[in-house]
Amino acid sequence: MSDPYWNHNVHHHPEVLDAVPDGCGKALDAGCGDGLLTRKLAARAASVTGVDRSPEMIELAREHARVPGNVTYLEADFLADGSLPEGAYDFVSAVAVVHHAPFEERSPASPGSPRPAAVW
């Protein structure tokens, strides 16, 4: 999939996608924004959840013309409200979002995941 636009975050998408382990079951895109990376992750994982606390961003993501069937978008604060189960994901991406929250206090990555998170 070619990028419809470029910015500093999009620049890191190839690195994030390369970090997804083979056979990835569940992936999480924390701070998914308009869902561009979430949609790309759908080709590398059995299921992908894109989460963002902005209702406007989730609406943009859901309204995209090509949302893969294995993608779910969720309006939530991925750390604060308990909407995501701890340890449920094989891979977590957080591009330009970790500096907004104390990510190290609670990780939704599965214990023992070979590469539980890709953070840029």
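This is a predicted model: local features need pLDDT of at least 70, side-chain atom pairs count only at pLDDT 80 or more; totals for chains, interfaces and linings use all residues.

Student: How many helices and strands does the protein have, and in what pattern do they follow along the sequence?

Tutor: One begins by listing the elements. The protein has four helices and five strands. Read along the sequence, their pattern is α-α-β-α-β-α-β-β-β.

Student: What share of the contacts joins residues 24 or more positions apart?

Tutor: Among contacts in the protein with a separation of 6 or more, residues 24 or more positions apart account for 53%.

Student: May we take a single residue as an example? Is Thr38 buried or exposed?

Tutor: Thr38 is buried, because its relative accessible area is 0%. Thr38 is found in helix H3, which covers residues 36-41.

Student: Which residues does Thr38 touch, leaving aside those up to four places away in sequence?

Tutor: Thr38 touches Asp29, Cys32, Val48, Thr49, Gly50, Val71 and Tyr73. Two of these residues, Asp29 and Thr49, deserve a visit of their own. Asp29 has its place in strand S1, residues 24-30, while Thr49 belongs to strand S2.

Student: Are Asp29 and Thr49 buried or exposed?

Tutor: Asp29 is buried, with a relative accessible area of 3%. Thr49 is buried as well, with a value of 14%.

Student: What do Asp29 and Thr49 touch, again without residues up to four places away?

Tutor: For Asp29 the list is Leu37, Thr38, Leu41, Thr49, Gly50, Val51 and Ser93. For Thr49 it is Ala27, Leu28, Asp29, Thr38, Thr72, Leu74 and Tyr89.

Student: How far is Arg39 from Asp29 and from Thr49?

Tutor: Asp29 and Arg39 are 10 residues apart in sequence and 9.6 Å apart in space, C-alpha to C-alpha. For Arg39 and Thr49, the values are likewise 10 residues and 9.6 Å, C-alpha to C-alpha. Arg39 is in helix H3 and counts as buried, at 5% relative accessibility.

Student: Where is Val97, and how far is Val97 from Gly31 in sequence and in space?

Tutor: Val97 is placed in the loop between S4 and strand S5 (117-119). Val97 and Gly31 are 66 residues apart in sequence, yet their C-alpha atoms are 5.9 Å apart in space. Beyond residues up to four places away in sequence, Val97 touches Ala30, Gly31 and Phe78. At 11% relative accessibility, Val97 counts as buried.

Student: Let us turn to the charges. How many salt bridges are counted, and which residues form one?

Tutor: A salt bridge pairs a side-chain nitrogen of Lys or Arg with a carboxyl oxygen of Asp or Glu within 4 Å. The count comes to one salt bridge. Asp77 forms a salt bridge with Arg53, and the closest N and O atoms are 3.7 Å apart. Asp77 lies in the loop between strand S3 (71-75) and strand S4 (91-94) and Arg53 in the loop between strand S2 (45-52) and H4, so the pair ties together parts that are 24 residues apart in sequence.

Student: Are Asp77 and Arg53 buried, partly exposed or exposed?

Tutor: Asp77 counts as partly exposed, at 22% relative accessibility. Arg53 is exposed, with a relative accessible area of 57%.

Student: Which residues gather in a patch of negative charge on the surface?

Tutor: Glu56, Glu59, Glu63 and Glu75 gather in a negative one on the surface. Its largest share, three residues, comes from helix H4 (residues 55-63). One member, Glu63, is found in helix H4 and is exposed, with a relative accessible area of 56%.

Key:
Residues are numbered from 1 along each chain as its sequence is written. Side-chain values use heavy atoms; hydrogens and water are left out. Patches are made of residues with over 30% relative accessible area and no salt bridge: like charges are joined within 9 Å, nonpolar side chains (Val, Leu, Ile, Met, Phe, Trp, Tyr) within 5 Å. Accessible areas come from the Shrake-Rupley method with a 1.4 Å probe; for residues, only the protein chains shown count as cover. Lys and Arg count as positive and Asp and Glu as negative; His and the chain ends are not counted. The place of a charge is taken as NZ of Lys, CZ of Arg, CG of Asp or CD of Glu. Helices (H or I, at least four residues) and strands (E, at least two) are DSSP runs, numbered from the N terminus. Buried means under 20% relative accessible area, exposed over 50%, partly exposed in between (1.4 Å probe, protein chains only). Contact means heavy atoms within 4.5 Å.
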